[in-house]
Amino acid sequence: MREMTIPVVRQRPIVGTLQAMFGDRLTMLKQLGGQISDIGSTRLGPRNIVLLNTSELAQELLVEQHDAFHKGPGLSTFGRPVLGNGLLTSEDELHRHQRKLVAPAFAHRRVASYADTMAEYSEQAQRHWADGATVDVAKEMMRLTLGIVGKTLFDADVLGDADEVGKAITIVMRYTTSQVRRPIHIPLAWNTPGNRKMRGAVAALNSIIYRMIEQRRASGEDKGDLLSMLLLAQDEDDGSYMSDKQVRDEAMTLFLAGHETTANATAWTWYLLSQHPDAYAKMQAEVDGVLQGRTPSLPDLPNLPYTMKALKESMRLYPPAYAIGRQAMRDVRIGGHLIAKGTIVLVSPYLMQRKPEYFAQPERFMPERWSAEMEKALPRYAWMPFGGGPRICIGNQFAMMEGQLILATIAQRVSFTLVPRQRIATDPLITLRPKYGIKMQVQRCGGQ
Ligand code: HEM
């Protein structure tokens, strides 16, 4: 087969390095995406990276050639102090073993059983918002999704921990993102102010996770949820239980991955709806018509298609996982291009999902574009907020159901209006957060 060379985008020596160290990761991705067609490589600080920018190439990376790759250094190296060797970061045999073990908590029927908790927590959240009050929906969604993941997967009440968790995650994400860019790494054990802050954040998260584990151990109960599954799982061959450290790593991974992303997805959806009054009115009319004041439950979901379309469309424009990274473990060919062992390869749902080849008027928020015909005609992996292949998000059904229930429950009770003269910007850390939050004024609907 003829080997094709990967076009190289050259950086200006000093400017390129400074940008890689201090610049905004999304801006860099956009610049690179704008300079290449389907594939391109560049130097980002100390590293050579290759960006793949078509749905076919994404499929080759994540599905067909997945076994030639491990996770990129962001998560696998620098995410380790907090995630340990849990599902997001583990590789090969351990990953396959752990994924199989955790899978029952995400089986279709199991996820369906979480619907009432999701809707009930959404009801509780909105009751705190007075008519005329200003709320930061980014913060509120974070608190809500944290409560939901705590209750559904761990049967624990963690709402009281929301502020502490929120602060700790911000520190962890800033630390991790900054480490990826550094040419020289300072071990976490060294006593720098940044390291002390990071160690404090990890300790705060650990104490919440260990508290949940200890409470469950002490009760000795099998609640049939994820936490019991982790604690009671026995190795098929030797009957051994998971080590405390492995239980902690899996629990921490699901606790964090299970709420941060959904919080961002729903927060961005409220923002987009507030900027598109027609779409917002259409969604509210759908919700009011179907629910007639009731709290939504599982059977309502197929009758709320516009709400689902709004969520899909917002995750197209603001995919919480805006970049997915891998590192080649051996020389491998992708789309006829040789990718040398050690190369970092990225696909960006953010860039992919804004390509005019896949989505007409890609910058516009148009929930109605998600017709059945359009979805059928869309190439696989052109919309890829959950990644793909064996490492596809294990929580994708959980997240879509949760998002739809949160939107429907809250849209029925309140209307949000964006508070004027505030800065709305993306903060591309590990996930795509709203940098300064999203402040909304609350208007309670129909005197509720
Ligand atoms: C809108 C919400 C969500 C988005 C956009 C999202 C996105 C992603 C993406 C892109 C990956 C793949 C990363 C890669 O290939 O490197 C992933 C993996 C993962 N996600 Fe999600 N996720 C969401 C919600 C959730 C939820 C609700 C949970 C759990 C309750 C969860 C748990 C996980 C786990 C454990 C993995 C690792 C799976 C593995 O490697 O086997 N995610 N997620």
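Sorted by class, the shell around the ligand holds 15 nonpolar, six polar and three charged residues. Here Ala, Val, Leu, Ile, Met, Phe, Trp, Tyr, Cys and Pro count as nonpolar, Asp, Glu, Lys and Arg as charged, and the others, Gly among them, as polar. There are 24 residues around the ligand, and Gly-258, Thr-261, Gly-387, Cys-393 and Gly-395 come nearest; a residue is near a molecule or strand if its C-beta atom, placed from the backbone, lies within 6 Å of it. Helix H13 (244-257), helix H14 and helix H19 (396-413) each give the ligand shell at least two residues.

A word on what you're looking at. This is a predicted model, where local features need pLDDT of at least 70, side-chain atom pairs count only at pLDDT 80 or more, and totals for chains, interfaces and linings use all residues. Residue numbers start from 1 along each chain as its sequence is written.

**The whole protein**

The secondary structure comes to 19 helices and 13 strands. Helices (H or I, at least four residues) and strands (E, at least two) are DSSP runs, numbered from the N terminus. For 448 residues, a compact globule would have a radius of gyration near 22 Å, and the protein agrees with its 22 Å. That radius is taken over C-alpha atoms, and the globule rule is 2.2 Å times the number of residues to the power 0.38. Along the principal axes, the C-alpha trace spans about 65 × 55 × 45 Å.

Of the 448 residues, 43% count as buried. Buried means that 20 or more other C-beta atoms lie within 10 Å of the residue's own, exposed means 12 or fewer, and partly exposed is in between, with C-beta atoms placed from the backbone. Among contacts with a separation of 6 or more, 74% come from residues 24 or more positions apart. Two residues are in contact if their C-beta atoms, placed from the backbone, lie within 7 Å.

Strands of a sheet pair through backbone hydrogen bonds, either parallel or antiparallel. Two strands pair if DSSP finds at least two bridges between them. Here are some of the pairings, with one from the other sheet:

| Pair | Bridges | Direction |
|---|---|---|
| E1 and E2 (residues 39-44) | Two bridges | parallel |
| E2 and E3 | Six bridges | antiparallel |
| E3 and E9 (residues 344-347) | Four bridges | parallel |
| E5 and E13 (residues 439-444) | Three bridges | antiparallel |

You can walk across this sheet residue by residue. Val-9 stands opposite Thr-42 in E2, Ser-41 stands opposite Val-50 in E3, and Val-50 has Val-345 in E9 as its bridge partner.

Val-9 itself is in strand E1. Val-9 counts as partly exposed because it has 15 C-beta neighbours inside 10 Å. Apart from neighbours within four places in sequence, Val-9 is in contact with Leu-32, Gln-35, Ile-36, Gly-40 and Thr-42.

**The three-stranded sheet**

Another open sheet has three strands in the order E5-E13-E10, with antiparallel pairing. Its edge strands are E5 (134-136) and E10 (414-418), each pairing on one side only. Neighbouring strands here are turned by 40° against each other on average, direction ignored. Asp-136 stands opposite Lys-439 in E13.

Helix H9 (residues 137-154) lies across E5, E10 and E13, at about 60° to E5. Helix H14 (residues 260-275), which also supplies the ligand shell, lies across E10 and E13, at about 75° to E10.

**Elsewhere**

Helix H15 (residues 277-291) packs with helix H16 (residues 305-317) at an angle of about 140°, their axes 8 Å apart. H15 brings Ala-279, Lys-282, Met-283, Glu-286 and Val-287 to the contact, and H16 brings Tyr-306, Thr-307 and Ala-310.

Pro-81 is in helix H5 (residues 80-83) and counts as partly exposed, with 17 C-beta neighbours inside 10 Å. Leaving out residues up to four places away in sequence, Pro-81 touches Leu-188, Met-198 and Val-202.

How values were computed:
Axes fitted to C-alpha atoms, helices over the stretch in contact; angles between N-to-C directions.
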